[in-house]
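Could you walk me through this structure as I click around in my viewer? I would like to know what to select next and what I will find there.

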Amino acid sequence: MEVQVIQGSIQEQTADTLIVNLFEGVTIPSGATGAVDKALNGAISELIANGDISGKAGEVGVVYPRGLIPAKRVLIAGLGKRDDFNLEGVRQAAAAAILRARELNAKAVASIVHGTGIAGLPIRLAAQATAEGTLLALYRFAAAKEQEPQNEIVSFTIVEFDESKVAEMKGGVDTAVAIAAGNALARDLVNMPPNVATPTRLAQAAQEIAEAHNLKITVGGRKWAAKHNMGAFLAVAKGAGEPPKFIVLEHNADRDDLDTIVLVGKGITFDTGGISIKPTQGMGKMKSDMGGAAAVLGAMKTAAMLDLPLRLIGIAPCTENMPDADAYRPADVITASNGKTIEIISTDAEGRMVLADGLVYAKQYEPKAVIDLATLTGACVIALGEGVAAGLFSTDEALQNKMVAAGKATHERVWPLPLWDDYLKIIKSDVADMQNAGGRFGGVGTSAIFLKQFTDYPWMHLDIAGVALTEKGRGYVPAGGTGFGVRLLVEFLLAW
Ligand code: BES
Ligand code: MN
Ligand code: ZN
């Protein structure tokens, strides 16, 4: 789809579909909506007066101009109450309107930016949010099945009357386009079936990013990992039929004048639990257990597209976790690449194993911050709920505050949880430096304190188990992989 920003009057556009907006409680629209209302001889005011539309959030009214202006239809997106209106409201309004436009078989859509009028949101951010809500909502996964032909919108034009705002709006829209591309990649990788989104396929996705944007790439297999003493990563990979891949992407690899940030994503392309096998019920959801790796690849793509002034490293240890004659077992003692030994209690606590070697590998870059993302524990889902927020653990308060702010700005929310040493006692082992799992209680805390043993730099862990996949679509997040983490990380990196 073609996305652009132009100076002009929305009511004069030749697009087949126009999008304007309305706050709850407004009876006579002003601004761009008012201009369209006038051109339509008060058709919008009439809808309001008759109670057909009220401007409440999520509402999309439709008016048919019948020749009074070039467009075939005008959609009026409800913005809700003016008081608590914010960028998330912009994204939601844009999403509701564009989805309605697609349903109505719109091809060319022209829209105003939501929130820059009486709401007074920053112009650049409002334009970014309008484009982001639009692009994220239009995402569809190309599933392998026969389908009825579906309508695709071919162009989306943001129209601004005030010439002086256009340049800033363009900046915001460019950012949105890059973010939506990274997010779509992450969603695609999660949505692919696990026999397709193999470690090899993830490495191919990384290779494509590297080639398109000139990033340095390393893809290590079993031998490479053995040479790096990655016993924890290899333990999980031992039972895998698919070859494991340890992926490293580097943006601005050779720049020693820039701050270095390392992203690490859990890349379990399917988690059966291994010998500690999971119950049948819902096991298919474990195709999303590479959601962390997908978010890291998506964020690397966006960061490269925006050419962020950072030395940014993306690490994704990828493997299946399968039961097999060769699989690692409970009671095995494994040595990670930093020399620490791990007693296996459950082979289903495999994410922290692959992350352990990923986190140790991050150290060589002398990072200012290392952030890992992982669909790590069911306990985090129990604690925070499904589709609500990621659990956040950090050894660095400033880092934590920055991520909480990024969570608020993007509505990819994170919630801080404690890293107390009490959790370390729970995973104390008699035969190794630690166990890979504790008991039933405090499962998210014990997973995080385990990871901490492999870090010695400012570090943050995000448990995205509850937010990587959604069964029901909502707003600009259709059902399936959410791409959670891409928008959050990019916001964090942009603000760095
Ligand atoms: N991939 C799972 C965690 C998970 C659960 C992700 C639900 C998404 C939704 C992880 O590898 C796992 O199996 N964790 C175990 C850890 C336990 C064995 C210590 C869990 O949470 O039960
Ligand atoms: Mn598991
Ligand atoms: Zn897992």
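Here is a short tour of a metal site and a pocket in this predicted model.

**Stop 1: the manganese ion.** Select ligand 2, the manganese ion, together with D271, D348 and E350. These residues supply its protein donors, at 2.1 to 2.2 Å: an OD atom of D271, both the O and an OD of D348, and an OE of E350. Along the sequence, the donor residues follow the spacing D-x76-D-x1-E. D271 belongs to strand β10 (residues 267-271), while D348 sits in the loop between β13 (341-343) and α10 (351-362), so this pair ties together parts 77 residues apart in sequence.

Is D271 buried or exposed? Colour by accessibility and you will find D271 buried, at 3% relative accessible area. D348 is partly exposed, with 24% relative accessibility.

**Stop 2: the second largest pocket.** The pocket holds about 540 Å³ of space.

Then show the secondary structure. β2 (17-23), α1 (31-39) and β6 (155-160) each give at least two residues to the lining, and α1 has the largest share, with four. Colour the lining by residue type to finish: 14 are nonpolar, eleven polar and three charged.

Note on methods:
Residues are numbered from 1 along each chain as its sequence is written. Chains are lettered from A and ligands numbered from 1 in the order in which they are written. This is a predicted model: local features need pLDDT of at least 70, side-chain atom pairs count only at pLDDT 80 or more; totals for chains, interfaces and linings use all residues. Side-chain values use heavy atoms; hydrogens and water are left out. On a 1 Å grid over the protein atoms alone, a cavity is a set of points where a 1.4 Å probe fits but cannot get out, and a pocket is an open set with protein on both sides within 12 Å along at least five of seven lines; lining residues have an atom within 4 Å of a point. Grid points are joined across faces, edges and corners, and a volume is the space filled by probe spheres set on the points. Ala, Val, Leu, Ile, Met, Phe, Trp, Tyr, Cys and Pro count as nonpolar, Asp, Glu, Lys and Arg as charged, and the others, Gly among them, as polar. Donors are N, O and S atoms within 2.8 Å of the metal (3.2 Å for Na, K and Ca); water is not among the atoms, so sites may look incomplete. Buried means under 20% relative accessible area, exposed over 50%, partly exposed in between (1.4 Å probe, protein chains only).
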